[in-house]
Every structure is written in C-alpha cells, then in structure tokens.
Amino acid sequence: MTAVTPHQPEDLNDLSDEAFRQHIRQWIEANYPPELRNPPKRLHWSENQVWYFKLAEQGWLCPSWPREHGGMGLSAGKQIIMVEEYERHGVARTNDHGILMVGPLLIAHGTQDQRDFFLPKILAGEHIWCQGYSEPNAGSDLASLRTEAVADGDDWIINGSKIWTTLANDANWIFLLVRTDKTAKKQEGITFLLVPMDTPGITVRPIWTIDLHDEFCEVFFENVRVPQKWTVGAVNQGWTMAKALLGHERIYLGSAKLSQYALDRLKTLADRMGVAEDPDFIDRYTRLKLEIADLKSLHATYVDVVRRGEELGPDVSMLKVIQTELFQKITDTMMEVAGENAALLEPMEGNRELNPSGLFLQARPSTIYGGSNEIQRNILAKNVLRLPG
Amino acid sequence: MSAASSDDRAESVRLIRDSAAGLAPRTGDLRRIRALRFEDPGFDRAVWKQMCEMGWPGLRLPEEAGGSALGMAEYCAIAEEVGAALAPEPLVSATMAARALAGTPHATAILTGERLILPAWQERPNTLDTRGDTTTAGGTANGRKIFIPQAAGADAFLVSGKDGLALVERDAPGVTLTTERTQDGGNFGTLSLENAPCTPVPGDLTEALEEAALATAASLLGVMDRVFTMTVDYLKTRVQFGKPIGSFQALQHRAADLKIQVSLSRASVESVAAALDNGLTGPARLAAISRAKARASDSGMLVCRQAIQLHGGIGYTDEADPGLFLRKAMVLCNLYGSATLHRTRFATLAVDSDEG
C-alpha cells in the first residue's frame, strides 16, 4: 500500500465557528474528487484512497485525535461542523476504522509502544483497519461471540470466524474481539486484539450483498498466531472498551444525511416521471420532508449534548430508529413512483441520480446493522423507559 | 367455462397446482434460478418448451384453438406456483400473446413452444393503454415499445398500436431491440421500429392484458407466500440470547401481521379469479382486477421487505434466498399496473357493485 507523509495542521480551534465552516467548505470544494460525490455504494480503498491521502497530507484525517498524536485536536463542536460540511458536499466515507475506532482506542487504552507503532501508520494511510466483532452466531447477541484466543508462550493462537466485517478485503489489519475465558460470564471473558491480516491462517471471503456489492466479508482464523503485545487493555476487559467505541456510532447513524439525499433523489425521480405536481405526490413528499425536518431538530439536541462534552444516554437509540426507517420509507416511495423502472438493475437512463432500485436495496440493511432496530427498541424499552422484564 | 360445482373447481385447481411441482417447485434450492440470472436470455428455453408441453400458455385458450379452456382460477393457480418457484420463464406475457392470437397459426407456434412471441404493447411507464402511437398500417411498423419482459429470448413481437395488432419478426430490417437487466436477473426490452415489415393480425390485447394483471397478482402471491414460510421457519430455528428469535413477542406480532397480509392477498386474488370465472363483466370486472393487483403489489413488497429484516444480516446477502424473492417482487409489483395505478383506476371506475 502506498502511503503519504502527513502534515501537522495549524490549530483551527481559534477560528470562529462560521469562519471554520467556510474554511472547511472551501477546501473540500477545491479538493474533493467530484466523481466520488454521493457514491451509490460504499467505496473500496482502491477508489477512496485518493481522498484519504489528500486528508492525510492536509493533516485533517483525524479531527478528534489530540494534536500531540497527529490529530486536529478539534473541539466537539468543530468536529460536528466538519461532519456537516462533509455531508453537505456528499463526501464518501473512507476506510475509516483506524481513524474512528483504533486510534481513539489506543489513545485511551493502548500502551506507549502501541501508540508509537500504530498511530503514525494510520495517519500515513499505511495501515488500513477493519473491525472483527460479529460472528455467524453472535449478531444482535454480540457478547455470545466464540472466536477464541488461547495463550501460548508470548503469543495468542486464534481460532474462529468473524462476519459482516466491512471492507476486510481492503484491510491489512483487523481489531478483534475474542473469547479468552470460557468460564466467565459472557461479557467478562472477552479480550481486544490487534492482528495483521497477512498472518498465516487468516482467510477472507467477500459476502455479496443484495445490491451485488462486496462491502462485507467473512474472515476465518485457523491457528492464527499473533504476539500478545498487540493485546489492547487488560485480558478479559475487551467488552467495555468495545461498547464505548460503539457509542458514537448511533449518533452518526442517526444523521439525516441519507434520508435527505434520498428525498432529493425522490424529487428528481418524480420530476422525471412527471408526477411532481400531482397532489398525491406533493402530500407524500411533504410528509417525508417534514419527518426529516423533525429528525434534524431531534438530532440537533443530541449534537448539543456532544458539543457540551457530555455523554450520550441510551435514548440516542431513537435517532437510529427514526433515520433508518425514514430512509427506507423514502426509498419505498421511490419504488412506487418509478413505475416499471423500479425493476431495473442499473440506474435509469444511465443517470446515477435516477437509481430507485439501487437506493431501495441500499436502504434495506440500515435497520439491521449498527445494532438492529429491534435491539435499539429493546434499549429504549429497557434502559430508557425501564419497562419490566 | 362450463358450470361446474365448486368442489369440482377446487379439485381442478388442486390438480393443476400439483402438476406444477415438477417444473415450478415451491420447495427446494434455487440453483436453477441463480444459474440463469443476469445471462441472456434470462430463462431456459428447454424448460419453457416443457411448460408448453404441459399446456400452461394454452390454459385460457378455447379447445378448438389448441388450449384447454380452463378458467382464471386455474390460470392464477399456475401463475402463483411459477411465482413461488421464481421461475423466470415468461408464462404471463406469452399467455397474453397466445390469448390475443388464439385461432391463428401464430398462437399454435407459441403453444407448442416452437416460437416465442411476446407482446410489445407499452410506450410509457405507468399505463395500461395498449394503443399508443405506434403505426402498423400497410405492413410497415413505426414506433417504440418499452418494458417487454424477457425480450432477449423472443423470436417475434406482437406489437399493438393505432392500427391494431401486428407481428414483427425480431431479426427483420428496421427492428432494433435493446435490453436492460432487471433485478430478478431477467431483462426488459425496448423495441424500436423504423419502417419495419410487419404482418397485421386481428384482435386486440385489452382483455389479455387484464388477465395478465391478475395472473401477476397471483405470481406475487406465490412470491410472498413462499418467502413468508421461509421466514417463519427461520424464526423457529435462529437462536440468539439463548432462544429461537421467534420466541420474542415483537417478532411474533410482526409475523402475525405478515400472515394477515398473505391471507388478504390470497383471498383477494382467488375471489377475483372466481368472480371472473362466474362471468363478472364491465367496470366491475376491471375494478375487481385492480383490487387484487393493488393488494398483491403492496403486500408482496411488504412481506419481502420484512422477510429481509427478520432474517437479519444474512437476509441482506445475495447468497441467502430472501433477497431473490424481494428482487422478483421489485419486478412484478409495478408490472401491468402499480398499486397506485390500480387504486386510481378503481376509484375512477366508480362501480356500485361489491367492487365499488
């Protein structure tokens, strides 16, 4: 993998929010590859590395990391502005597990050696990470995972398999939750390990999704030997760290970005199909538009919590439920508006903006991944409403 | 249709269903379907020939025209089995052509499987208008037809237009066929005719199109019925948190709601087929067909979407089967009229019978 020399950026915290926003916006508009705006599918490393390297060279790859570790050290408020500007421009996600998960994990719980070794390689685009959490029999019930690591001298020997590993086929490192104590309560025998993907005994099998994309993989481990020095935190203490890392995911998944994008495409489609002025369509469109507006208002209250530097409560699960079901409802409407075009495998008329069936299929897993909506409703019922049972 | 007792009819439908099991199995793996996907012509001509030998495209044709003169109940039963099997062979559209051409040698060629003639009737999305702007006067065809299912495998097209029906050979001069792949692995053809030679034939497609709409509702019923059965099985076997996920009440209620949708769809399709066989005519007939297609389109999509959700991550993969059913529903739901189109038509017909 080619890598770049990252640049330590100036401290942008002193800018006013508005000046910061303009600064970010101008740079994105000048530097983001136009052909990568609003891609219909999650991009692979071969496609998004050009942007990863641009961010790395600018020193903007890791907004949340402290400056002494090569990040931007941005306040929570400015990080949010940055995300808003990315979303506004339709900037695609990169292979960002190192940036979002491994970096913050090591900064909080890693050893000095681990930080010195891994952080620069993430900043340089030399290490591309993927996340090995779910297993075939541990999906919603993640804590029942069975991939195990057995100590052998200074090494761990890993056996088992992971599934739904996003972009594992691009990654050269994986962070893993493994079982290291089979006798303990299920949450208490789990350890966090870092593993190079080129270790003998690891095989990766892409899983083709319903929209015929190889975004996810299955990763198999057969007597995979890795040094124990790549254990993060204490042995059998992996679960707490992993859960903390997932916390921010729900606010990200609750952003109205996908719904807003889909609603804009619904309008494009209705114009093309000649129904945009029908009273029935106007009513349905407006209903969806108002739902987005209300979601944005609710989302903003959570953003304020983050901006104040406070912890998000379990009620943030609401955002994920609302956003993903709204996204699906909008694409369901697209299928109805598209008429016979809803059957097509490729975008209509070769126009990526007219892709009802593609967006419809893309919306399907959003209520499943990141903790299914059934699990989010359980969280709301049990941890927010404190209902019995 | 002779006036048979309802017991005889039920037996006739049961027999026809059983006869479908070999060519359009409701159970078992979907290897055949997967192997044919996204490859031209999108279906298996040899299997189509066997379906012809079983008399499927001739079910609705009179005996003197080489058909078996059966009713819509029997036709819908076969169409449901074809839907449940996800069979890609173009039964409904070929039947539509055979029906319009009944009594001519062209119909015989379709019924034997010797030639596949597919109707090319549509000129814009969201319509049931078979006329359009295409002209075929003087043995010369000009116009453009779209959304022709499985067109990649057709030998000829039955083209409708201002001047009535005409046959156009696929490889005739002035004929351009382009195809786009569909989500179920088949294709939609676009037929462009520029001074193409054609053979005018009598008749029109209006009645055949209505039957195609109801048969498609039946196919959607087959799709949703089978994927629902698979989903209930999965709820009983998939274990999380130490028990089958079907033991969680939230999922039990969702499964119960889907059962209601499947039952409503079956009642709708079967009662409309029976009403047609009992001689329902006029606006009430069209309204009844619209009721069934609107229900089957909406419920078919709902059941398939929920089948994915209830299967969780595996449901979202291409290697698991629920997705194949969703993709079939994506193709069938708006074919021969979307739910919206049929509801609008129902409202416009303003009939004051039971269908009103």
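Chain A puts 27 residues into its contact with chain B, and chain B answers with 28 (two residues are in contact if their C-beta atoms, placed from the backbone, lie within 7 Å). On the chain A side, that makes 13 nonpolar, eight polar and six charged residues (Ala, Val, Leu, Ile, Met, Phe, Trp, Tyr, Cys and Pro count as nonpolar, Asp, Glu, Lys and Arg as charged, and the others, Gly among them, as polar). This is a predicted model, in which local features need pLDDT of at least 70 and side-chain atom pairs pLDDT 80 or more, while totals for chains, interfaces and linings use all residues. Residues are numbered from 1 along each chain as its sequence is written, with chains lettered from A and ligands numbered from 1 in the order in which they are written.

Chain B holds 11 helices and nine strands (DSSP runs, numbered from the N terminus: H or I of at least four residues for helices, E of at least two for strands). Its C-alpha trace spans about 75 × 45 × 40 Å along the principal axes. Of its 356 residues, 54% are buried, meaning that 20 or more other C-beta atoms lie within 10 Å of a residue's own. As for contacts in chain B between residues at least 6 apart in sequence, 76% link residues at least 24 apart.

Helix H4 of chain B (residues 72-84) is mostly covered, with 13 of its 13 residues buried. Just past H4(B), B:Leu86 adopts a positive phi of about 55 degrees.

Methods:
Buried ≥ 20, exposed ≤ 12 C-beta atoms within 10 Å, placed from the backbone.
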